[in-house]
Amino acid sequence: MSDKMLHPELHDPDAKRPARDGEPLDHAEAASKPLRSRMPEAQPRGAKIRGNRPIDQAEAAKRFIAAPEHQKMHDERLWDLRKKRDREMHGMPEWEDLRSFASQIKEHTLAHLDHYLEMFEHNATANGIKVHWAKDAAEHNDIVLGIMREKKATRLIKSKSMLTEECGFREFMTGQGIDVVETDLGERIQQLDDEAPSHVVVPAVHKMRSDVAQVFAKTIGSDPDNDDANYLAERQRAHTRPLILDAQVGMTGANFVVAETGGFVVCTNEGNADLSANIPPVHIASIGIEKLVPRMEHLAVFVRLLSRSALGAPITQYTSHFRGPRAGAEMHVVLVDNGRTERLGMEKFWTSLKCIRCGACMNTCPVFRRSGGLSYGATYAGPIGLIIDPTFNARKYSTLPFSSTLNGSCTNVCPVKINIHEQIASWRQVLAETHEIPFMKKAMMAAAGKILAHPALYRAAIAAADSALKNLPRFAVYNRLNTWGRGREVPAPPPESFHSWYKRNRIDRKQPGGKP
Ligand code: SF4
């Protein structure tokens, strides 16, 4: 690549960095620092996938925690997003009203989904959009392949879309000889590293700049010793831009779909969806059927909530509205079910369809921040993943609802008021009832249930456990049965239980003749 394509400050390391009001620009990736001279810490990889066998999230989390630089960086980056989200929330007195409106609009739309889907199809067709229906991932992939074949197209550029991840779209198209090029920077990093996105909004958030430098050095020939964020972004841009300009088909997802106009909205911070939609002569939008809102005015509620919840920013850099094909171009919309209708019929779990994929529940979750999104071994990680993934495959994702402390923080930050932690608890119940959890875990939960239901038994068990923790050899406490003890220490028992303290200091005082 010619150095002429680099921004001027990249030629000269002493040149002034981009700034606003005299301050270097703040970015989620933080200010760039030179690569350290010592060996960078190796990037921990995600959960091991073994066909349909249950994902061992705890094992992958243990490896993530064992990489302290990555774990600290990941935790701090996501907590920073959570703090920025809180700042935005406190700046809007009507925040709770917006959340209530958003929840009500989504619940109303989902309750009348057939009506609004038909309304959208009617209006979109009238706008000149070709509307397709896909009942599952395979049908979605076949429809897009059919359009590609009809156009004799061999390259497709796409902006980030979790739905296409859900459909295994890139692997399928690559197998058909179609070159798929991701245009979102984080997603492109993940594509070049042959990894799935680890977060719905920031796909490569688990990677340090040194990891990206290594990936780019291997795949696009950048300098492996230069992990300057501006340099890496420029190199990738220069490498991918010619591929974008040359593509015959562009693909986007959609954040919101408006039934009354037959249009849809894509929110990005890089403008890459606009490249995918506007450069090639064919634009295909792959859209989950739950993305609908009835009217244009409802968009205002969601656009105000989305970016604030996701990144703590008042709005995304680009909020692009599409309503029909450009002159001389084609626009297709593929409406995808892929299990959504079935989920809509699940009494305890249907409201998970309200999700607008903002990622706020991930950013606040202590388990997600410390274990990384790839440890979940599923398209959707974090709290929302725990309640969606088992609907795709209850056996494979049977362990995930247990990767939560049930602290409820996810529910508190969710902009569409999904009762996430309650649904996680419900999944535990459902999985136990359908025998999708290991016998040992089930037996231990049954024993715990009996103990917790009988106060005298509970107090005797606590006394026995305290004594065991003090006296048993380490291997008797930390073994395969104690998954809780993987990567952390069981706290030392206190000298006295709360019950005995309470009895001595409160109950006795109230009794006649009790201590003063
Ligand atoms: S469940 Fe709520 S907080 Fe989590 S990604 Fe979806 S909308 Fe955002």
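**Phe302 and its surroundings**

Neighbours within four places in sequence aside, Phe302 is in contact (heavy atoms within 4.5 Å) with Ala102, Ile105, Lys106, Phe256, Val293, Ile356 and Val416. The charged end of Lys106 sits over the ring of Phe302, at 5.7 Å from the ring centre; the criterion is that NZ of Lys or CZ of Arg lies within 6 Å of the ring centre and within 35 degrees of the ring normal.

**Basis of the description**

This is a predicted model, in which local features need pLDDT of at least 70 and side-chain atom pairs count only at pLDDT 80 or more, while totals for chains, interfaces and linings use all residues. Residues are numbered from 1 along each chain as its sequence is written, and side-chain values use heavy atoms, with hydrogens and water left out.

**Nonpolar cores**

A nonpolar core is a set of buried Ala, Val, Leu, Ile, Met, Phe, Trp, Tyr and Cys residues joined through side-chain atoms within 4.5 Å. Buried means under 20% relative accessible area, exposed over 50%, and partly exposed in between, with a 1.4 Å probe and protein chains only. The largest core has 60 residues, of which Phe256, Phe302 and Ile420 touch the most other members. Helix α13 (residues 296–311) gives the most to this core, with seven residues; helices (H or I, at least four residues) are DSSP runs numbered from the N terminus. Another core, of 24 residues, lies apart from it and includes Leu113, Val257, Val266 and Phe322.

**Thr109 in helix α4**

Helix α4 (residues 95–111) holds Thr109. Thr109 counts as buried because its relative accessibility is 2%. Beyond its neighbours within four places in sequence, Thr109 is in contact with Tyr116, Leu292, Val293 and Pro294.

**Aromatic pairs**

The whole structure contains six aromatic pairs, a pair being rings of Phe, Tyr or Trp (its six-membered ring) with centres within 6.5 Å; planes under 30 degrees apart count as stacked, over 60 as edge-to-face and the rest as tilted. One of the pairs joins Phe498 and Tyr502 and is tilted, at 5.7 Å centre to centre and 40 degrees between the planes. Both residues lie in helix α23 (residues 498–510), four residues apart, about one turn of the helix.

Phe498 counts as exposed because its relative accessibility is 61%, whereas Tyr502, at 33%, counts as partly exposed. Phe498, Trp501 and Tyr502 form one aromatic cluster.

**Domains**

The domain assignment of the protein chain, with bounds from an automatic or database source, gives domain 1 (3–340) and domain 2 (440–507). Taken over C-alpha atoms, the centres of domain 1 and domain 2 are separated by 45 Å.

How values were computed. Helix = DSSP H or I, 4+ residues; strand = E, 2+ residues; numbered from the N terminus.
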